[in-house]
Structure formats: structure tokens, C-alpha cells
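Here are my notes on the model, as numbered points. Please read them with the structure open.

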Amino acid sequence: MVNTACNTQPPHVIMGALAWKRCVGCGCKISDRFLLFALDGYWHCHCLKCSCCQAQLAEIGSSCFTKHGLILCKSDYIRLFGHSGACRACSKSIPANEMVMRAQGSVFHVKCFVCSICHNQLVPGDRFHYTNGKLYCEQDRPTASAHRCDHLDSLREHNISEQKS
């Protein structure tokens, strides 16, 4: 995807007080009025495209997704990698765009992340125990050590920010 014909200078070329940025996509100098910063690099607006549908990502949203070396729009990410696995509690498939809870490598629907005894919902910040594939709230805990319910996980999303050059 990188055009090596223009890639003879380092990513930032200092010319007087002006610092030129190089596009990660084509390798050429970015002299456009606007440029994009995504995936730890600078891009021409027309170079940051979905690897599948070739849509210019800045025109269709403020985020892009990466997996297996592909840069994707949200709809192609979901189409290609549509399921993030099965819920440990209910065994039903979890769509890639759905928020999930995780415990020691197991993935749960948010609604399925409940205590095995009292069936109370466990939310980020709650202390819980995960023993033999079962979740327990602090009150119903077995004698094992506690874990902390830290966060919701989702598919890997990268923000695209537009900057003036």
C-alpha cells in the first residue's frame, strides 16, 4: 500500500520553520490544507481508505478499524469479523460491535455477566470472583481471591483526527 517512489525522505522533513509530514499511505509529502492522523501516522485525506470497499474513511466517519493488517470501515469490519465469540454464560454468539465483559479470558454479554448465586448484575468497578467458570459477587464469593470488574471491552476502534497542515 505504500508508494516507494515518493518515499525517499524521512517522515518529517524540516524546511526552515515549516515541518512537512509524509503520508503513511503513499509516502509522499503532505502539502494539503488538511491532513489526517490515524494509526500512529499522518495521511492525505484521499489515502486513508477502507481496504475492502475503498471508501475514504474521513468521509464516512471519525473512526477506522484494523485487524490482520487491514484498515477497515466499521461495516466491513463487522462483515469480515462479525462475531467476537460465544458468551461463556449463555453460549450464544456475540456480535463484534456489541460491548462485552471479560474475566480470565472468558467473554460474556454484558447482561450475562451476573452472579451465579443471586443473579445480580456485575458492573465495572464491582468486585467479583471467577471460579471454575462461574461468576460470584463479593457477598456470594467462595474462598478464592477477588478480581475487579474493570471495564467494558469492544472491538478495536481507532480515532481519526483532522488537522491543519
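1. Ser 106 is found in strand E11 (residues 106–109). Strands (E, at least two residues) and helices (H or I, at least four) are DSSP runs, numbered from the N terminus. Ser 106 counts as buried, at 14% relative accessibility. Buried means under 20% relative accessible area, exposed over 50%, partly exposed in between (1.4 Å probe, protein chains only).

2. This is a predicted model: local features need pLDDT of at least 70, side-chain atom pairs count only at pLDDT 80 or more, and totals for chains, interfaces and linings use all residues. Residues are numbered from 1 along each chain as its sequence is written, and side-chain values use heavy atoms, with hydrogens and water left out.

3. Which residues does Ser 106 touch, not counting residues up to four places away in sequence? They are Arg 88, Met 101 and Tyr 130. Contact means heavy atoms within 4.5 Å.

4. Tyr 130 also belongs to an aromatic cluster with Phe 108, Phe 113 and Phe 128. Rings of Phe, Tyr and Trp (its six-membered ring) pair if their centres lie within 6.5 Å; planes under 30 degrees apart count as stacked, over 60 as edge-to-face and the rest as tilted.

5. The count comes to five aromatic pairs. Phe 65 and Tyr 77 form a tilted one, at 5.4 Å centre to centre and 35 degrees between the planes. Phe 65 lies in strand E6 (residues 63–67) and Tyr 77 in helix H2 (residues 74–80), so the pair ties together parts 12 residues apart in sequence. Phe 65 is buried at 1% relative accessibility, and Tyr 77 is buried at 7%.
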